[in-house]
Amino acid sequence: MTIVVFTPATILAILPEILLLVLAGVLLVLDGIWRPSQRRWLGWVSAIGLALILGVALVYSRPGAEPQLIFGGTLRHDWTAFAFKVLFLFAAAVTSLLSIDLKGYGDRGEYYALLLVSVIGMNLMAGAADLIMLYLAIESTSIPLYVLAGFMRGRDDSAEAGIKYFLFGALTSTVMLYGFSLLYGLTGETNLYALAGQLAEGSFSLPLMLAVGSLILVGFGFKIAAVPFHFWTPDVYQGAPTPVTAFISTASKAAGFAVLLRFALEVFPGVQAQWTGIVSGLAVATMTVGNLIALAQTDIKRLLAYSSIAHAGYVLIGVVAVSTLGAASAVFYLVAYVFTNLVAFGVVVLFARSAGTDQIEAYAGLSRRSPLLALAMMVALLSLGGMPPFAGFVAKVYVFAAAVESGLIWLAVVGVLNAIIGLYYYLTVLKVIYLYRSEDDDNRIAVPVGSALALVVCSLGIILVGTFSAPWLEWALTTAASLF
Amino acid sequence: MDFPILTVITLLPIGASLLILAYPGERHGLIRWTALAAASLALLLSLVAYLTYDQSAGGYQFVQRMPWIPQLGISYYVGVDGMSLPLVLLTGVVIFTGVLISWSVDDRPREFFAFLFILATGVFGVFVSLDLFQLFFFYEIAVFPMYLLIAIWGWKVTREYAAMKLTLYLFIGSVVSLVGALAMYFTSGLGTFDMLALEQAGFSTEFQALWFPFVFFGFAVLGGIFPFHNWSPDGHVAAPTAVSMFHAGVLMKLGAFAALRVGIMLLPEGAKQWAWLILILGTINVIYGAFIAMVQTDFKYVIGFSSVSHMGLVMLGFATLNLQGITGAGLQMFSHGVMTALFFAVVGMVYDRAHTREIPELGGMARKLPLVAIAFIIGSLVSMGMPGFSGFIAEFPIFLGLWQTAPWAAIIAVLGIVITAAYLMRVVGRVFFGEMPAKFEGHITPINLGDKVALFLMSGLVVLLGVLPAVMAPMIESGAEAVLRLVGGA
């Protein structure tokens with residue numbers, strides 16, 4: 001593929017990232033000049049800014065029918081990059097809305113600035129077509145997230161989350177970097193597409209290729225929280241400020257899948273039979289371990305952490321199907337999952353704000369204290385459990401359909417069995433919310449406007465994706481087509 | 001374009017559910033009347049559809065189709081035939097009577113009726129689906145509200161256990177079927193989930209023999225087939241009255257119907273190869289269910305296991321793969337649906353007043369609740385297959401069909417009727433006649449108007465069908481003929 005010569009119009013492809021940088025700067029400046037009482041509006045500025053950038057991206061940054069390599073081949077302007085960028089921007093906007101008014105970080109300009117920088121990194125991850133660009137993008141995604149996870153310095157669990165996330169991230173990233181350097185050493189190329197061409201010529205031994213692939217997989221596995229690279233997940237999810245957890249569990253995981261899809265389908269198609277074997281194994285382990293450990297959790301954030309591990313496993317099924325439908329189902333699943341998990345964590349944020357706890361048993365009586373929150377949580381949990389008319393149902397059907405289409409019926413069956421385990425613990429939480437009573441039954445939970453907006457938008461998203469899935473699937477199929 | 005009656009019937013309940021959720025939770029009266037209005041409308045519309053169905057033309061009518069997820073060949077595709085239309089009517093009857101019976105629910109009635117109506121949408125949706133994906137979509141919608149309905153409003157002792165057991169059983173069954181459905185979709189190469197097209201896909205015999213058990217038994221779990229029936233009595237007993245009615249009356253038919261429509265009609269060769277297993281399991285259902293019902297001391301468990309026993313007859317009817325058997329199974333689905341809803345309504349009325357369901361502790365209820373006793377006796381006569389009641393009209397053709405294909409099964413299963421008579425007589429004698437224990441004096445208040453209407457409607461229907469089988473039998477027979485054209489036995 002040839003690299004497109006730079007013209008001013010190419011700037012449009014990275015317009016969202018440029019605007020994000022501007023927005024981050026604006027937030028830091030406002031933080032400096034605003035009085036403390038005014039700083040509670042920072043979250044709104046961030047959310048509205050992100051929404052505007054999302055709009056701009058939808059209008060001006062749409063890729064053409066043909067993918068283009070731009071900026072000296074460091075970025076690829078295609079549907080995969082575009083679709084994921086939209087997803088990240090949306091997740092960041094919702095995260096900002098959920099953070100408003102939260103003590104210790106919701107009124108801090110640097111909190112939102114870090115969030116935005118991390119989105120820039122994710123956007124570049126989704127578009128990266130060069131090893132160096134990719135590595136830099138991954139690091140500029142991760143480093144702000146390490147800081148965000150440990151943002152509440154005064155609290156031990158948050159500090160622990162930050163350090164743990166950092167140590168795991170640093171370790172896996174060096175292993176991945178080693179894999180990158182071997183790739184460069186073997187082929188003399190840093191551009192993914194040039195590199196893929198060299199690998200496809202097949203002059204390299206199979207074990208070597210698998211070794212390189214596995215080293216790289218360590219880094220991606222960390223990002224998507226796949227077993228056995230998941231050990232950081234529960235502690236980080238539990239300790240980090242909850243909106244940050246929401247963001248890590250949705251956008252950051254999706255970013256990991258964006259690069260995984262590109263690598264798996266475009267760089268390593270030559271050793272397909274082998275890597276699909278390895279990744280199927282990962283998928284099975286990820287689903288099963290995530291779901292089984294989730295059964296024993298008593299803290300809602302830890303439960304959602306293990307559930308998010310399990311969901312990474314379902315998405316991996318779509319990846320190993322190695323087909324247009326498979327890649328599309330993975331993208332579709334991520335869209336459904338982002339909407340759903342944002343609602344789930346949104347409810348956790350609001351509940352903890354009033355009740356000051358994340359214990360599942362404390363959720364008793366939620367349906368009496370706030371019917372709206374209870375309903376939102378029901379929508380989210382049932383969608384995670386794969387029940388119609390919610391997004392999670394169609395997403396699971398597509399993923400399993402992709403597996404069956406590619407002859408991986410056994411994998412679909414494992415996925416289906418896992419879905420049943422998943423449903424069990426989601427229903428257990430739902431039971432506490434609707435069935436049990438607590439002494440605080442009459443203690444209503446306040447829902448601020450920003451969070452209510454975020455919850456309503458995402459819940460409607462869950463139902464829309466679940467019932468009118470044709471346009472979303474079309475989007476996912478277009479995205480998938482750009483990978484083949 | 002004609003009035004899209006099936007779409008309205010299907011979406012009306014969920015619309016009502018959203019409306020009810022939008023009300024303030026304290027307005028109990030408003031919530032109840034809205035629920036009753038919606039349920040009456042649903043019943044009325046299903047009756048209209050039933051009466052305007054053109055029997056001479058047969059086939060699928062009130063058909064409506066539009067693309068839904070065109071990339072995968074999924075469409076919104078509804079239509080009813082002689083097999084499914086009576087079940088639509090049945091759902092209308094049960095939702096209407098269920099709302100009447102639930103008038104006294106006063107713990108969060110808003111959520112109760114909202115979930116009940118979501119359930120109704122799921123059930124209507126399955127019965128009218130002609131698209132396989134759509135069928136699953138509605139099938140799952142019917143499953144999850146059950147969990148909350150039972151867990152929140154059910155019998156305190158077992159509700160959490162029973163609700164979870166039921167949901168997991170049904171979910172396992174449906175996802176196993178789903179894998180089979182996906183296999184059909186990709187193997188057919190037609191790129192469509194349209195069931196009428198898949199009927200003609202010409203799957204190889206090996207394929208059908210391999211996948212039939214997954215699809216059929218996956219759905220038959222909800223039909224209560226042995227050995228996967230275990231969720232059903234626990235679920236029936238733990239559920240609040242209206243939900244038990246829905247559950248035994250309609251949901252079990254949902255499973256049986258889907259097993260017929262997807263299992264037998266799409267994989268007829270598979271059905272022929274596996275009919276022996278369905279025969280054996282169905283026979284066990286009939287006998288085993290009846291024996292277990294006999295030793296129960298809890299009134300509601302008796303009815304719960306009697307459902308298992310009666311659903312066995314439906315399975316036997318399917319397994320005959322001949323006209324009488326399948327027509328009988330169709331009639332049995334309707335007849336048993338109304339009858340068991342009637343039973344559970346009666347159990348609920350007695351329990352609400354006596355606060356116990358232990359048969360030895362009850363007695364003499366007929367004196368205080370004469371209408372309830374009459375309704376229960378009518379139900380019992382239906383259940384025993386007495387001529388003049390719908391049970392006879394349904395069970396007779398099943399045995400007729402069974403005699404032609406598997407006389408041994410007919411002989412064994414007939415014994416089930418004798419056992420049924422035994423346990424029902426015992427319940428009637430102990431609960432409704434004899435001396436009323438002194439502790440109930442003053443507690444047994446008369447039933448209200450809504451309860452009476454519900455009892456009259458359901459008793460009337462089973463008698464009407466028994467006396468005038470022509471109101472339904474020819475329609476179901478036309479549906480059964482369509483099944484047989486696919487099986488190739490007609």
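Helix α10(A) passes α12(A) in a right-handed crossing; a crossing is right-handed if the near helix is turned clockwise from the far one by less than a right angle, and left-handed if anticlockwise. Helices here are DSSP runs of H or I of at least four residues, strands are runs of E of at least two, and both are numbered from the N terminus. This is a predicted model, in which local features need pLDDT of at least 70 and side-chain atom pairs count only at pLDDT 80 or more, while totals for chains, interfaces and linings use all residues. Residues are numbered from 1 along each chain as its sequence is written, and chains are lettered from A and ligands numbered from 1 in the order in which they are written.

Back to the pair. The axes of α10 (residues 242-267) and α12 (residues 300-320) of chain A come within 11 Å and cross at roughly 15 degrees. That makes α10(A) roughly parallel to α12(A), a label for angles under 35 degrees. Axes are lines fitted to C-alpha atoms over the stretch in contact, with angles from 0 to 180 degrees between N-to-C directions. Residues of α10(A) that meet α12(A) include F257(A), L260(A) and L261(A), and on the α12(A) side they include L304(A), A312(A) and V315(A). Contact means C-beta atoms, placed from the backbone, within 7 Å.

The second pair is α11 (residues 272-294) of chain A with α17(A), whose axes come within 9 Å and also cross at roughly 15 degrees. So α11(A) is roughly parallel to α17(A), but this crossing is left-handed. Among the residues that meet are M287(A) and N291(A) in α11(A), and N418(A) and Y425(A) in α17(A). By class, this contact has nine nonpolar, six polar and no charged residues. Nonpolar covers Ala, Val, Leu, Ile, Met, Phe, Trp, Tyr, Cys and Pro; charged covers Asp, Glu, Lys and Arg; the others, Gly among them, are polar.

Finally, the chain overall. Chain A has 19 helices and two strands. Its C-alpha trace spans about 70 × 55 × 40 Å along the principal axes. Among contacts in chain A between residues at least 6 apart in sequence, 80% join residues at least 24 apart.

Methods: Angles under 35 degrees count as roughly parallel, over 145 as roughly antiparallel, 65 to 115 as roughly perpendicular and the rest as oblique. Two residues are in contact if their C-beta atoms, placed from the backbone, lie within 7 Å.
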